[in-house]
Amino acid sequence: MIKNKKLYLSIITSAILLSSFNTVAEEQEDGINIHGAVRINYSYKDYSESSKDKVGDLTFDMASLKFDGKLGNWGLKSDYRFTSYDNYIKFGYGFYDINPEWQIQFGINQVPFGNIGYISNSYWFGLPYYLGFEDDYDIGAKATFEKNGWHSDIAFYKNAEYGAGITKRYGADLYDDGEAGTANNSEETNQFNLRQAYTVKHAGGSTTFGGSVEAGQIYNTETGNSGDRYAIAAHIDSKFNGWNLQLQAMEYEYNAEDSLDSNKIGVSVVGAQYDIASKGQIYNINLAKTISTEWGSVKFYNDFGLMTPDVDDETYDNSMQNVLGAAISAGPTYTQVDFIMGKNMTFSSNDYHVGLPEVGDDWDKRFNISVAYYF
């Protein structure tokens, strides 16, 4: 029994020692790495009377628990989150390294669409996130290839990580309100993704050019019939002497079968549900500058996104979001200070939708500070 206890303590101690802020599973040796983060958030909204009366709100935002494991060419990655409104899995998948160039992932993994990584710098994400096209995670299989500047992703997803009638989720997916005779009886299924990118190295940095395609079905949970959907994007990510320029243009369309209103469709994310235009174009332009310091780094940025609806109803209006901010990295802490301006945009304005008819005609403003501690 004493030997078993020593072995157990040794395994736990090793797991703790392996955890660090910048650990990457592909670089670790065989074993388990346990790490995570705790985050608090301050928010002030000029379009909320209660927020103005209280001079904002300081709340617990999220605690994250991550597991990275590897044994030979096999491995796993997972991230489970405990938030102020609910608990959910962000991702959880196994992987197999066929060789140094090819990797197969199976489980809840990141959907390969748009700029590799993020099409944003801020805590607030870019406009595509709120339509399900940035940092989204679904359940399926993905193959990735990387060699000599080329990066390829091929994936198939059976469905979203949670059911269509659930709002607790990290990334935006189609939503089914469970009520008969509504416009929100949609569930995404049988999705294919293809992304191709190429990175050119040059003096002072590198530039990545890429294109993405997504196509899948929309299952009507009330009638049992299926529609279809697609999205395409072109993207550029260029780095030069601490500067970073991100450009992306994309188009999407949801053709839901038997919908009562073909101009809109419902999605859910982070405990909320709202409607978006069923077809439109999205344009992003982000500029950032990172400055190194003795204690870490500071990244200044401005992220701008525009969504133009392309539906039959001419009363539908553009949605816009601009985030001016700074990200401060110091030791195990990461702080993002953002000034968000939104127009006809969910979460960053008083209009709780994307691309639908605008209620007001002003830019709403929001100030946000996110402080995270990584362990």
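Strands, labelled E, are DSSP runs of at least two residues, numbered from the N terminus. This is a predicted model, where local features need pLDDT of at least 70 and side-chain atom pairs count only at pLDDT 80 or more, while totals for chains, interfaces and linings use all residues. Residues are numbered from 1 along each chain as its sequence is written, and side-chain values use heavy atoms, with hydrogens and water left out.

**Cavities**

- The search runs on a 1 Å grid over the protein atoms alone: a cavity is a set of points where a 1.4 Å probe fits but cannot get out, and lining residues have an atom within 4 Å of a point.
- Grid points are joined across faces, edges and corners, and a volume is the space filled by probe spheres set on the points.
- Across the whole structure, four cavities of 30 Å³ or more turn up.
- The largest cavity holds about 110 Å³, and its lining has 16 residues, with Val111, Phe113, Phe133, Glu134 and Asp135 nearest the centre.
- That lining splits into five nonpolar, six polar and five charged residues; Ala, Val, Leu, Ile, Met, Phe, Trp, Tyr, Cys and Pro count as nonpolar, Asp, Glu, Lys and Arg as charged, and the others, Gly among them, as polar.
- The second largest cavity comes in at about 70 Å³, and of its 14 lining residues, Gly132, Ala172, Glu188, Glu214 and Tyr254 sit nearest the centre.
- Strands E8 (173–174) and E9 (186–202) each give at least two residues to the lining of the second largest cavity, which has six nonpolar, two polar and six charged residues.

**Second largest pocket**

- A pocket, unlike a cavity, is an open set of points with protein on both sides within 12 Å along at least five of seven lines.
- The second largest pocket has a volume of about 200 Å³ and 15 lining residues, of which Glu253, Tyr254, Asn255, Ser262 and Ser278 are nearest its centre.
- E12 (243–255) and E13 each supply at least two residues of this lining, and E12 has the largest share, with three.
- By class, the pocket lining has four nonpolar, five polar and six charged residues.

**Strand pairing**

- Two strands pair if DSSP finds at least two bridges between them.
- E8, E13, E14 and E19 form an open sheet in that order, with mixed pairing.
- E8 and E19 (353–354) are the edge strands, each with a single partner, so one side of each has no neighbour in the sheet.
- E8 runs antiparallel to E13 (264–269), joined by two bridges, and Leu174 stands opposite Val267 in E13.
- Elsewhere, E17 (319–330) and E18 (333–343) are antiparallel, with eleven bridges; they make a hairpin with two residues between them, and Gly331 in the turn has a positive phi of about 60 degrees.
- E18 also pairs antiparallel with E20 (364–374) over ten bridges, and Thr333 has Tyr373 in E20 as its bridge partner.

**Aromatic rings**

- Rings of Phe, Tyr and Trp (its six-membered ring) pair if their centres lie within 6.5 Å; planes under 30 degrees apart count as stacked, over 60 as edge-to-face and the rest as tilted.
- By this rule there are 25 aromatic pairs.
- Tyr80 and Phe82 have ring centres 5.2 Å apart and planes at 65 degrees, so they're edge-to-face.
- Tyr80 is partly exposed at 32% relative accessibility, and Phe82 is partly exposed at 36% (buried is under 20% relative accessible area, exposed over 50%, partly exposed in between, with a 1.4 Å probe and protein chains only).

Key:
Helices (H or I, at least four residues) and strands (E, at least two) are DSSP runs, numbered from the N terminus.
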